[in-house]
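Please give me a tour of this model in the viewer, one selection at a time, with a note on what to look for at each stop.

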Amino acid sequence: MKTTDVHSQSLDITNGAHQHMFAQVAEAVHYYGAKASYLVLPNMNIVAGYDASDGVLSEYVAGDGSKREYGKAAPKELLYRMVEEYGKEAKLARNLGFDMCYIHMAYRLMFPGRFLSPLSNRRTDEFGGSLENMARFPMLICQEIKKQCGRDFLVEISISGREDDMFEGGLKVTDTVEMMKYLENYVDIIQIRGGSIDPSQPTYLDPREVPHLDTAAAIKKGLQEQGTKMLVNVVGGCHDIARDDAIIANGEADLIGAARAYIADNEFVTKAYENRAEDVRPCLRCNKCHIPGPEKWNTVCSVNPEFGIEHKAERMKTAPVRKKKVAVVGGGPCGMEAALRLRERGHDVTLYEKGPALGGMLWSMDRMDIKWTINRYRRWKEAQVMKSGARVLLNTEATPEMIDAEDYDEVLIAVGARPATPPIPGTDGPNVMFAADAANRESELGHRLVIIGGGEIGVEVGIHLARQGHAVTVVEMLGILSPESVPVHFRSLFEKTWEEQEGFDYVLNARCTGIYDDHVTYVDKDGAEHSVEADNVLLAAGLKANQEIALPFFTGKARTWMIGSCDTPGSIQAVNRSAYGVVNSI
């Protein structure tokens, strides 16, 4: 496999200097009793500038990485050369220890997949036109792999199960079912994805647990009815063990494909075998495991602070010398993470929370359907803390004197942050509240709402309130909403959500100048002043660390740490990593 990925170094299986690494990967997989699969992706520069058809606008033309361009139809001799290249690379993978291979043919992304869709294949020769002809080039690739590697070398392909739900004239389920009978002798597993790349990595914006399950189930049923024997693998959102079991038991799919579930909890399968589904750490479906944000190329997981640093995590930990008595002040996501990690290391832990329940600012999202994955995560984390053996003191606002009196060895302060108040006249008015409080105080809101601040939180609250029937206008200083959003497999879906949401509007390049009883004023980038009618104004101007609450705990009696957002306001991912890092030295 050769890639020109600009943000990571890649290994090339055709490079002799790299082949030992591939062999080691295959052997490591075998060590754990599993089968090793290799993504076959030959040198796409061979077909640079070519496509399945002439003049079809492409999302991606393999070879140069362009996102949108018009290609020209690849000549037949080039197609046959690519067939040979796929076979050679698959054979090399088999010789290095791999048991099977995977070929990406979904959503017209890679070159072979361009032939499987009427949206991109308009050829009139033997490689286009009928469904049989459209399947010919992918079929020849898989046939060559079987020829080179043997019948027992499994071949899996990913396909867009249907496209007609997204694009007029795209593949229907019945088309996919019929097309698969031409691939049956050479393909063992078909992996069902969506009609486009981003929706195939479902986020919390999609309320469906497994969005492509209906398509997978329909294809499986269709294959059975026509007597085509292939295993159907459903992917995307398969994070719930009980649901996954039901999918197999109900015959909706033969295999469950998951990646983010293992990223969120690398003991996903172990906990399934041990009947501990309730202990599986839930994925937030935030897609930060692709890229956490603009200009940030370090891969992270919001709920698993060890993801991305596994290769060095053990070297970053200090083994506990003795059991310690530790206090954690604050029961938000950071404090809960600290308590759990401390208990894992064998320490006695007391967690102080001034409120009636654990969760901190996560409770502001409790009534927001759009934040269903975070609400699930809050409930999971609270349950894990309660069963961890930590002593949890609710409705207890800790004081420095209270902590000193208990003679703790270590004290972790995780009192979080609070919404910031921007320097705008009128923020102290009776019609003003923080956006973070709005969902839980909706009965106090009028119809017309203005949200000052168009970051991710402001936009999400705006979408939620628009769905409840309010007329929402977001006023944002920058020229873009939610600039911090994950750019890969998230932002496009987020933009589509707010653009299609009835009752949601926004103004960019707008600096708010005043808040009044029934309107808000702002100036645009040219300095012209405008106003927006508002019954209520919601502030979404970021967070301010509660350092003035945290610092008095540094009395010198015990080693004291300030962790999470009371040190530096951050996301769930940031505060979890903060707690993880500190606890590993205790």
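In this predicted model, start by selecting residues 333-344, helix 12, together with residues 372-388, helix 13. The two helices pack at an angle of about 35 degrees, and their axes lie 10 Å apart. Their crossing is left-handed.

Now show the side chains at this contact. Helix 12 contributes Pro 333, Met 336, Glu 337, Leu 340 and Arg 343. Across from them, helix 13 brings Tyr 377, Lys 381, Glu 382, Gln 384, Val 385 and Ser 388. Sorted by class, the contact has five nonpolar, two polar and four charged residues.

Next, go to the open sheet of five strands, ordered 16-23-17-18-19 with parallel pairing. Select 432-434 and 504-507: these are strands 16 and 19, which stand at the edges with a single partner strand each, so one side of each has no neighbour in the sheet. From one strand to the next, the twist averages 25 degrees. Then pick residues 471-475, strand 18, which is joined to strand 19 by four bridges in the parallel sense. Val 472 has Phe 504 in strand 19 as its bridge partner.

The other stop is an open sheet of six strands, in the order 1-6-7-8-9-10, again with parallel pairing. Strand 1 (37-39) and strand 10 (255-257) are its edge strands, pairing on one side only. Select 189-193 and 231-235 to see strands 8 and 9, which run parallel and are joined by four bridges. Here Ile 190 stands opposite Val 232 of strand 9.

Key
Residues are numbered from 1 along each chain as its sequence is written. This is a predicted model: local features need pLDDT of at least 70, side-chain atom pairs count only at pLDDT 80 or more; totals for chains, interfaces and linings use all residues. Side-chain values use heavy atoms; hydrogens and water are left out. Axes are lines fitted to C-alpha atoms, for helices over the stretch in contact, and angles run from 0 to 180 degrees between N-to-C directions. A crossing is left-handed if the near helix is turned anticlockwise from the far one by less than a right angle, and right-handed if clockwise. Contact means heavy atoms within 4.5 Å. Ala, Val, Leu, Ile, Met, Phe, Trp, Tyr, Cys and Pro count as nonpolar, Asp, Glu, Lys and Arg as charged, and the others, Gly among them, as polar. Two strands pair if DSSP finds at least two bridges between them.
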